[in-house]
Amino acid sequence: MKSLKELFPPLLFAGGDKGGVACDKSTATCPLCGGRIAPGSTTVTVDLKSGLLIVRDVPAEVCRMCGEEWFIEDVSRTLEELTAETRAKGAQMEVLSYPKRKAAAAS
Ligand SMILES: [Zn+2]
């Protein structure tokens with residue numbers, strides 16, 4: 001799993017609405033603090049300098065101790081794609097909901 005900082009090192013992030021979905025299925029621990037990580041969702045804000053991308057309802061694994069958010073490979077790939085698309089469009093501001101299934105991109 002990757003953290004946002006690993007995904008977009010040069011970019012700035014603002015944490016959003018922590019999902020707060022308590023689920024004991026996950027036994028993963030946070031590589032940073034050793035706290036327990038539980039599945040939830042979050043709002044990802046990416047500062048592209050040329051614009052701003054906000055993605056809502058992004059599935060994330062959130063550390064209960066330090067609040068660090070981790071993304072599974074699939075999610076990080078999708079976030080990278082959305083970032084690239086927004087950058088290519090040159091949009092000033094883009095607010096998206098995380099695609100439930102990003103199979104058919106209609107554009
Ligand atoms: Zn932690």
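**Stop 1: the β2–β3 pair**

Select β2 and β3, which pair in the antiparallel sense over ten bridges; strands count as paired if DSSP finds at least two bridges between them. Helices (H or I, at least four residues) and strands (E, at least two) are DSSP runs, numbered from the N terminus. This is a predicted model, in which local features need pLDDT of at least 70, side-chain atom pairs count only at pLDDT 80 or more, and totals for chains, interfaces and linings use all residues. Residues are numbered from 1 along each chain as its sequence is written.

Now pick Thr45, which stands opposite Ile54 in β3. Then go to the turn: four residues lie between the two strands of this hairpin, and Lys49 there has a positive phi of about 70 degrees.

**Stop 2: the core**

Which residues touch the most other members of the largest nonpolar core? Select Val44, Val55 and Leu79; the core has 16 residues in total. A nonpolar core is a set of buried Ala, Val, Leu, Ile, Met, Phe, Trp, Tyr and Cys residues joined through C-beta atoms within 7 Å. At least two residues of this core come from each of β2 (37–47), β3 (52–63), β4 (69–71) and α2. β3 gives the most, with six residues.

**Stop 3: helix α2**

Select residues 73–89, the 17 residues of α2; the helix reaches 24 Å from its first C-alpha to its last, close to the 24 Å expected at 1.5 Å a residue. That expected span is 1.5 Å times one less than the number of residues.

Colour Val75, Leu79, Leu82 and Thr86, the buried residues of α2. They cover an arc of only 65 degrees around the axis, which puts them on the same side of α2; the arc is that of the directions from the helix axis to the C-beta atoms. On the other side, Glu73, Asp74, Ala84 and Ala88 are exposed. Buried means 20 or more other C-beta atoms within 10 Å of the residue's own, exposed 12 or fewer, and partly exposed in between, with C-beta atoms placed from the backbone. After the helix comes Gly90, with a positive phi near 70 degrees.

**Stop 4: confidence**

Colour by pLDDT, the predictor's confidence in each residue, from 0 to 100. The protein averages 80, and 74% of the residues score at least 70. Confidence is lowest in helix α1 (residues 4–7), at a mean of 71, and highest in strand β5 (residues 93–97), at 96. Over residues 9–26 the pLDDT is below 50. Where pLDDT is low, the predicted coordinates should not be read in detail.

Note on methods
Two residues are in contact if their C-beta atoms, placed from the backbone, lie within 7 Å.
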